[in-house]
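Reader: Could you walk me through this one? I have the sequence and the coordinates open and would like to go piece by piece.

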Amino acid sequence: MDQSFTPLFTALKKHAAGNPVQFHIPGHKKGAGTDPEFREFIGDNAFSIDLINIAPLDDLHQPKGVIAQAQNLAAEAFGADYTYFSVQGTSGAIMTMILSVCSPGEKIIVPRNVHKSVMSAIIFSGAKPIFVSPVQDENLGIDHGITTSSLKRALQRHPDAKGVLVINPTYFGVCADLRSIVELAHSYGVPVLVDEAHGVLIHFHEELPMSAMQAGADMAATSVHKLGGSMTQSSVLNVNADTGLFNPQRVQTMMSMLTTTSTSYILLASLDTARRHLALNGHDMAAHAIELAKYAREAVNEIEGLYSFGNDILGTEATFDHDPTKLSIHVRHLGITGWEAENWLREKYNIEVEMSDMYNILCLITPGDTQQSVDKLLSALRVLSAIHYGKGDIYELKVQVPEIPQLALTPRDALYADTELVPFKESADRIIAEFIYVYPPGIPILLPGEVITQDNIDYILDHVEIGLPVKGPEDRTLTHVKVIVEADPIF
């Protein structure tokens with residue numbers, strides 16, 4: 001296939017050049033009906049291709065023309081049998097994967113540190129999650145993925161699972177041995193679904209970790225917008241149909257069910273062109289990012305009080321490989337938190353990082369970076385070190401998570417059950433009907449349907465008392481929590 005061709009984007013430009021008289025949505029009519037300041041800022045070219053599924057431009061829900069051609073080109077570029085464009089972000093693609101393999105009451109094996117879209121899909125499908133604890137890094141205060149051995153134990157206990165979900169790579173760029181995980185799951189006849197949100201570049205360079213399609217996984221939700229150059233909210237779902245462990249046509253059906261009928265052709269065009277750029281130049285793009293990341297990592301590790309891990313953490317089941325373009329910087333030895341470092345970089349240097357937690361900040365080095373942008377970050381970090389290193393107490397690194405609670409109801413049943421509010425401190429042994437996440441490390445402590453234990457309560461309150469973020473419950477103060485109504489006994 002000719003990877004230099006952009007069937008959808010080319011068709012959009014041709015249609016716009018014809019300057020048709022439009023009596024269809026969107027109502028701004030090529031920008032004429034929109035706010036003048038916004039139109040001037042965005043530009044007429046963008047409005048000219050902000051179109052809908054009229055005949056010359058195909059339909060994402062039943063693609064037969066230029067969208068089908070664009071998706072076929074993407075499948076070849078990503079090494080997939082099928083690729084589906086998502087304008088619902090990677091969250092929509094993740095939900096599609098799970099809904100494609102799970103029905104109500106069926107089991108799916110997932111890491112405990114999953115993205116909230118996974119839990120949304122579990123609730124929508126009515127599936128029963130079988131949780132596997134990720135490996136915690138006691139030196140960095142972060143979580144890695146699940147291991148082959150932990151997955152083997154889960155499959156031995158639950159051979160009837162309908163799917164296994166794996167994060168590859170993690171937010172911090174760390175990978176387990178994905179190929180061995182896939183081979184193990186397939187030996188049980190279980191499909192492997194991969195959250196590849198942070199791994200679009202790994203398809204295009206041999207120095208990066210193995211991609212889901214290369215490892216033989218069944219499906220992978222990949223955020224092209226995060227690192228691959230498309231616009232925010234545009235992603236792809238890559239599908240490997242060779243295993244025969246799921247119905248590929250059902251994937252298209254589920255994707256369509258989760259997708260707006262008013263699909264954004266600007267987002268779709270950005271996927272079409274990003275695919276071209278990656279297919280033709282992806283190796284060079286990735287090499288550029290890798291080289292800058294190596295330079296940045298070496299420089300960070302020369303700054304007093306800072307540490308950025310790399311290949312030095314490899315060698316365990318959980319740390320089989322690493323994507324160096326994820327520049328994780330451990331700031332604990334400066335005597336400050338990651339949040340403080342993030343806010344300082346924003347206020348003093350106009351630098352925005354990807355995320356922060358108690359002990360770390362995360363900076364993404366992408367093909368869009370330059371030596372200048374990386375040097376600005378390094379200069380700011382040197383000043384940060386000079387201000388704080390050796391000046392105060394160092395935070396004790398302590399990341400402990402209680403045992404995974406007993407699941408008394410499926411998350412779906414719990415979310416839709418009759419509920420009541422009770423004082424959180426008095427909620428032990430009740431079934432929770434909402435989520436509670438504690439940061440760090442961001443792992444859900446309680447999910448709808450789980451039985452609250454006193455250990456859960458104590459752990460969460462400890463975090464609240466020292467001011468760490470606790471997210472999820474409707475009562476943000478966590479004075480009360482929503483639980484399942486218990487029927488009064490009949491005597």
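Author: Gladly; one definition comes first, namely that axes are lines fitted to C-alpha atoms, for helices over the stretch in contact, with angles running from 0 to 180 degrees between N-to-C directions. Please also keep in mind that this is a predicted model.

Reader: Okay, so how do the axes of helix 7 and helix 8 cross?

Author: The two axes come within 10 Å of each other, and they cross at roughly 15°. Angles under 35 degrees count as roughly parallel, so helix 7 is roughly parallel to helix 8. The contact involves Thr-148, Leu-151, Lys-152 and Leu-155 on helix 7, and Ser-180, Ile-181, Leu-184 and Ala-185 on helix 8.

Reader: And is that crossing left-handed or right-handed?

Author: The crossing of helix 7 and helix 8 is right-handed.

Reader: Which residues of helix 8 are buried, and what covers them?

Author: Helix 8 spans residues 178-187, and its buried residues are Leu-178, Ser-180, Ile-181, Val-182, Leu-184 and Ala-185. Their cover includes helix 7 (148-157), strand 6 (164-167) and strand 8 (192-196). Just after helix 8, Gly-189 has a positive phi of about 75°.

Reader: Changing topic: what is the strand order in the open sheet of three strands?

Author: The order is 12-14-13, and the pairing is antiparallel. Strand 12 (326-330) and strand 13 (355-356) are the edge strands, each with a single partner, so one side of each has no neighbour in the sheet.

Reader: How many bridges hold each pair, strand 12 with strand 14 and strand 13 with strand 14?

Author: Strand 12 and strand 14 pair over five bridges, with Ser-328 standing opposite Leu-362 of strand 14. Two bridges join strand 13 to strand 14, which covers residues 360-364, and there Ser-356 stands opposite Ile-361. Helix 12 (residues 338-349) packs on the sheet, where it touches strand 13 and strand 14, and its direction makes about 50° with that of strand 14.

Reader: Back to strand 12, then: how many of its residues are buried?

Author: Five of the five are buried, so strand 12 is largely enclosed by the rest of the structure. Both of its faces are covered, with Lys-326, Ser-328 and His-330 buried on one side and Leu-327 and Ile-329 buried on the other.

Reader: Last one: what does the domain assignment give for the chain?

Author: The assignment gives domain 1 (7-278), domain 2 (283-388) and domain 3 (411-484). Taken over C-alpha atoms, the centres of domain 2 and domain 3 are separated by 33 Å.

How values were computed. Residues are numbered from 1 along each chain as its sequence is written. This is a predicted model: local features need pLDDT of at least 70, side-chain atom pairs count only at pLDDT 80 or more; totals for chains, interfaces and linings use all residues. Side-chain values use heavy atoms; hydrogens and water are left out. Two strands pair if DSSP finds at least two bridges between them. Helices (H or I, at least four residues) and strands (E, at least two) are DSSP runs, numbered from the N terminus. Contact means heavy atoms within 4.5 Å. Buried means under 20% relative accessible area, exposed over 50%, partly exposed in between (1.4 Å probe, protein chains only). Domain bounds come from an automatic or database domain assignment. Angles under 35 degrees count as roughly parallel, over 145 as roughly antiparallel, 65 to 115 as roughly perpendicular and the rest as oblique. A crossing is left-handed if the near helix is turned anticlockwise from the far one by less than a right angle, and right-handed if clockwise.
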